Amino acid sequence: ALAPADADGRHELGQYILGFGLEKEAKKEFETVLKIDGDHPAARKALGFTKLYGEWLTADEVAREKKIDECWQAGIGAKKPADELFAELKPLGYKGKLDDVKQALKFAESPRGTQKDVKLDVERTTYATGEYTFGVPEAYKPWRKNPLIVFLHGGGDGAGDGDDYFPQIWPHSSPKGYLTICPTVLEKISLAWNNPKHEAYLRSVGEAERVIRL
């Protein structure tokens, strides 16, 4: 009676079948769920996947990625040159290129913690220099894709600064390993974020790699 695209129903059926010890049959149902919805969390977990760094990985893949992390950490700690570290990473299954390793090693030198009122020129010919406060968590891994939060402050006419609002989000985002940015509006007016000037400003501020380089 299930509709062909009923992923939740298929998952429920798989769990029901599993209750009778029919593991092969249940597995088929969970695999059918993933054909309908490849990111179905419950079906993924039922099939032994773990979500790590934004991807669903098997147990073997998780073990591989952890070895890669350990290699990176050891290499950065020992200040190994990029080509030497790259040669150690490749046999472990690292999929990046030598240029990626060079960039990550550069980013690894970025200080952890927060910086207030950092200057950012959006478009010198059009906009004034903007300011923002940002934080790099201790858990930051420069060789991974790290989540980024851009937190927009409130205020209104003549009010509102990014550094005032940053403490509201940083205690929650930092433990999760999120890069966090709180920009200050270019003009302190009502609905300031909702105009082309600030849209361009946010696109520039939101470039995580550019922020990390500062």
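Author: Pro196 and Arg203 are exposed on one side of helix H8 (over 50% relative accessible area with a 1.4 Å probe, protein chains only; buried is under 20%, partly exposed in between). This is a predicted model, with local features needing pLDDT of at least 70, side-chain atom pairs 80 or more, and totals for chains, interfaces and linings using all residues. Numbering runs from 1 along each chain as its sequence is written, and side-chain values use heavy atoms, without hydrogens or water.

H8 spans residues 196-205, and its buried residues are His198, Ala200, Tyr201, Ser204 and Val205. They sit on the same side of H8, because their arc around the axis is only 155°.

Now the rings. There are 5 aromatic pairs (centres within 6.5 Å; planes under 30 degrees apart are stacked, over 60 edge-to-face, the rest tilted). Trp72 and Tyr94 have ring centres 5.9 Å apart and planes at 75°, so they pair edge-to-face. Trp72 belongs to helix H4 (residues 59-77), while Tyr94 is in the loop between helix H5 (82-89) and helix H6 (98-107), so the pair ties together parts 22 residues apart in sequence. Trp72 and Tyr94 are both buried.

Trp72 also pairs with Trp143: centres 5.3 Å apart, planes at 5°, so this pair is stacked. Trp143 lies in the loop between strand S4 (130-136) and strand S5 (148-150), 71 residues from Trp72. Trp143 is buried, like Trp72.

Helices here are DSSP runs (H or I) of at least four residues, strands (E) of at least two, numbered from the N terminus.

How values were computed: Arc of directions from axis to C-beta. Phe/Tyr/Trp six-rings, centres within 6.5 Å; stacked < 30°, edge-to-face > 60°.
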